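Please open the structure in your viewer and keep the selection panel at hand. The stops below are meant to be visited in order.

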Amino acid sequence: MSLDTPPTGCLHTPVLRERGQREVFCGLTGIIWLHRKMQDAFFLVVGSRTCAHLLQSAAGVMIFAEPRFGTAILEEKDLAGLADAHQELEREVERLLSRRPDIRQLFLVGSCPSEVIKLDLSRTAERLNARHGPSVRVYNYSGSGIETTFTQGEDACLAAMVPGLAETQDETLLVVGALPDVVEDQCLSLLTQMGIRNVSFLPSRRASDAPKVGENTRFILTQPFLADTAHALERRGAQRIVAPFPFGEEGTTDWLRAVAKRHGVMLETFDAVTAAPRARARKAVAAHAETLRGKTLFMFPDSQLEIPLARFLARECGMLPVEVGTPYLHRGLMEPELALLPQTVLSEGQDVDLQLDRHAALKPDLTVCGLGLANPLEAAGHATKWAIELVFTPVHFYEQAGDLAGLFSRPLRRRALLQGAAR
Ligand code: SF4
C-alpha cells in the first residue's frame, strides 16, 4: 500500500535566521522602475546628496527632457534644525507643480536623513493634497535604507496608494505589481481570452486609470515583495488569490490557473488559451536549461524574488540550489512557492561574513547576489548574476520565460568561453 500525499517541498524546512550586517540597496531604487511605469507621476526624494547620487547613477542611462524624479536636498541648516524643513519642502513642491502641470501624482519619498530629523512627510502630503487635490494627488512613503531593502520601495509606494483608491462594489480582478507595459498587455490578453473582464492593474499607467477596490475585488500579486500592499488591499475588503508567482512556464500556468478557477473558467478554455504560449515558453527555456542543468546555485538575500526564482531554476532548468537566501520570508505569500521548491538550505536576513564563509565552502557554479558582492566574488573566480537585473528586465509570464532563463545561463556561458580562451 502506498500513501499519495501532495508534495510539500520546503514547506517544513527549518529556516536559518540571521540578523547581522547586510549588503543591499535601499528602497529608493524602486523609483527607477516605478517612474517608467507611472507616466504622470513624479517622485520627489527628500534626502541628501548621497540619495541624489544613488538615483542618478542607478538611472544614469536614462535622459529625459523632463525627468520624473528628483531630490529635494536637505542642507546642513535643515539637518541642524536651523530652518523649517517642512516649509522649505512645501515651497519646493509649489515651484515644481507650477512648472510641471503634467504631474498628476506626486510621491514624497522619505530617506535616511529625513527620518533621522523626523520630517513628517504625511503632514506635508496632507497639506499639499488639500491645496492641489483632486487634480494632483500627493502621497508619501519611506524608501530609507534604515527601513527598507530595495524592492520594498515598490511595496511601500503601492501600499501608500491603496487607501486613496476609489470604492467599488463591482466584481473586479486587480493584478498587483509594476509590470513593463508590454508584459501587462500580454497578461491582459491571456485573461481576456479566458473571458475574464473588469481587470485592472496597480500601479496603473496614468492616474485617470487608477483601479477601484472593494469587497468584491479579487487581487493577485505578480511580485513576492508586496506584503504591505496585500495587507492594505485586504483592509479594503479585497480577497487575495493565492498562487505561485508567474515566473517560467510552470509558475505562469499555476498563476493563471488560480485566477481561472476563481472566475469559473472552463478547463477546455484554459487549455486552449494557454497551450501555444506554454509550448513556446517550454521551448525557450529548454535552450538555456542545457547550460544550467546540474549546476549548483547559491542565492544571497537581495530582491525577495529568490524563492520563486530558485523554484523556476530547479524545476524547469534542472539547477541544484544549495542555499536560497531571502531578506524576509513572508510565509503567507510564499507557501505555494515553498511547496514546489526542492529541499535546500533556506536562510532569512543576513550576516554577510558568515554567509560568505558558507558560500566559499560550497563553491557553487552560479551565485546570485547584489552589486556590492558581485565584483569581489567574480574576482575570486565565481560566476555571478546581479540580482538587480531581475527587477529591471521583463521576466514575467510565458513570453519572457526564455529571457529569464537566459539571465542565468549567460554568466555560465561567458565563464566557459573565458576559461576555454585561457587554455
Ligand atoms: S535613503 Fe539612506 S541608504 Fe538610501 S541613498 Fe539615501 S542615505 Fe543612502
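What follows is a tour of selected residues and helices.

Before selecting anything, note that this is a predicted model, in which local features need pLDDT of at least 70 and side-chain atom pairs count only at pLDDT 80 or more, while totals for chains, interfaces and linings use all residues. Residues are numbered from 1 along each chain as its sequence is written.

Select Cys26, Cys51 and Cys112, which an unreviewed UniProt entry lists under "binding site"; UniProt positions are given in the numbering used here, feature names are shortened, and annotations may be inferred rather than shown by experiment.

Centre the view on Cys26, in the loop between β1 (15-19) and α1 (31-37), where helices (H or I, at least four residues) and strands (E, at least two) are DSSP runs numbered from the N terminus. Is Cys26 buried or exposed? Cys26 is buried, because 23 other C-beta atoms lie within 10 Å, and the cut-offs are 20 or more for buried, 12 or fewer for exposed and partly exposed in between, with C-beta atoms placed from the backbone. Leaving aside neighbours within four places in sequence, Cys26 is in contact with Gly143, Ser144, Gly145, Thr148 and Phe150; a contact means that the two C-beta atoms, placed from the backbone, lie within 7 Å.

Not counting residues up to four places away in sequence, Cys51 touches Leu28, Val45, Thr71 and Ser111.

**Two helix pairs**

Two packed helices are described by the angle between their axes and the distance between the axes. Show α4 (residues 85-99) with α6 (residues 121-132): they pack at an angle of about 35 degrees, with their axes 11 Å apart. Here the axes are lines fitted to C-alpha atoms, for helices over the stretch in contact, and angles run from 0 to 180 degrees between N-to-C directions. Where α4 and α6 meet, His86, Leu89, Glu90, Val93 and Leu97 of α4 face Thr124, Arg127, Leu128 and His132 of α6 as contacts.

Now show α7 (residues 152-161) with α9 (residues 227-235), whose axes are 7 Å apart and at an angle of about 15 degrees. These two helices, α7 and α9, are therefore roughly parallel to each other, a term used for angles under 35 degrees. The contact brings Asp155, Ala156, Leu158 and Ala159 of α7 to Ala227, Asp228, Thr229 and Ala232 of α9.

**Backbone details**

Select Lys118, in the loop between α5 (112-116) and α6, and note that this residue is exposed, with 8 other C-beta atoms within 10 Å. Although Lys118 is not a glycine, its phi is positive, at about 55 degrees.

Phe397 likewise has a positive phi, near 70 degrees, in a residue other than glycine. Look for Phe397 in the loop between α16 (389-392) and α17 (401-422), where it is buried with 26 other C-beta atoms within 10 Å.

Finish with two prolines. A cis peptide bond joins Gly133 to Pro134, with omega about -5 degrees, and Pro134 sits in the loop between α6 and β5 (137-142). Leu202 and Pro203 are also joined by a cis peptide bond, with omega about 0 degrees, and Pro203 belongs to the loop between β7 (199-202) and β8 (217-221).

Key. Angles under 35 degrees count as roughly parallel, over 145 as roughly antiparallel, 65 to 115 as roughly perpendicular and the rest as oblique.
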